[in-house]
Amino acid sequence: MLHVDHAALVDLVEASYGEDADEDAWTRSYLSVLLGMARATSGIVFRFESGYEAGRFRIRQAAGMRIAGTQAAVWTPATLKIVLNAPAAEQAFGKTQGSTFSQLSGLGERVVSVPGWRDCWTAPIVDSLGLISRDATGRGVAVCVGLAETATVNAREARLLLRLATHVGASARLRSSEGTRRLEDADVVLSPRGKVVHASDEKHLRAEPLRDGLERRNFARKSRHDAEKALEVWQGLVAGRWSIVDHFDTDGKRFVLAMKNAPEVDAREGLPPEERRVASLAAMGHRDKEIAYMLGITPARVAASLRRVRAALRVNTRAELAAVWRRGTTE
């Protein structure tokens, strides 16, 4: 069983929204905390694009590899592609989650037999812990660290790691956007106490959802001794739309920015964006509570969206929804 240092989990969420805009510096700082948490020696971060071709899950592209650690892996784009397109790739990279590759693939100690494994991980690495975030369009980010022993995580820790992976994905989207930390690009600028300083639209002047999100984040920071409680309230988004990030102006004054950061969605005739996001996550196999956490909305809102989607697509079950949704995103 993998030992997860719960004290480091909130630190990793904090690092996901760190001030460092330089991708290399952010990767090094983030991986250093994750390596310590997992007691690992080497790790890698990369982005990927995926989808279904002829009914089979495939990684179409992997890029932006950044490696850290003392026992460096021998990663190249070619060897990475071999591993990502192994038969177990869908279990490992098909949805947002956090676990070990041996557990997700079902291979256990045989994970080292995956084609390309030994071309990527040098001995004595025999397993990896991954935080995987994948959105509705098939784009994703993976943070993996090598383990010297085959390991599993229990249901409770898998839930915490999934929440952590949600924040990794939100961070990756923010870092893909220009002007992530600029005051002029924020929908709403708040004071540290939640007072609206600026809003791009009058409808945002009453920013109760954002104040609630800010209070949740502040509560999580104060509850870092209880990772489960902290990660429960610090959701992936606020009201399904925004990420909240700190900003320090040139004079050192602190503000809180609400940045648009909802995951992208494929076009679906007759379905609004939120329903498409909910449906795509359900089609990946996520439960209502997981979807609610990822999108920063309530489970009741998720359930209502799924009822409307099922009616619109004329399906009755999640399995039928997944089959219909997959056909629509095959090519």
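What does the accessible surface of the chain come to, and what percentage of it belongs to carbon and sulfur atoms? After that, please describe helix H10.

Modeller: This is a predicted model, in which local features need pLDDT of at least 70 and side-chain atom pairs count only at pLDDT 80 or more, while totals for chains, interfaces and linings use all residues. Residues are numbered from 1 along each chain as its sequence is written, and side-chain values use heavy atoms, without hydrogens and water.

The accessible surface is about 15200 Å², and 50% of it belongs to carbon and sulfur atoms; the areas come from the Shrake-Rupley method with a 1.4 Å probe, and for residues only the protein chains shown count as cover. Of the 331 residues in the chain, 53% are buried (under 20% relative accessible area, with exposed over 50% and partly exposed in between, for a 1.4 Å probe and protein chains only).

The chain has 13 helices and 9 strands, which are DSSP runs (H or I, at least four residues, for helices; E, at least two, for strands) numbered from the N terminus.

Helix H10 covers residues 273–284. Its 12 residues reach 17 Å from first C-alpha to last, close to the 16 Å expected, a span defined as 1.5 Å times one less than the number of residues. H10 is mostly covered, with 10 of its 12 residues buried. Among them are the charged residues Glu275, Arg276 and Arg277, as well as Val278, Leu281 and Met284. Just after H10, glycine 285 takes a positive phi of about 110°.
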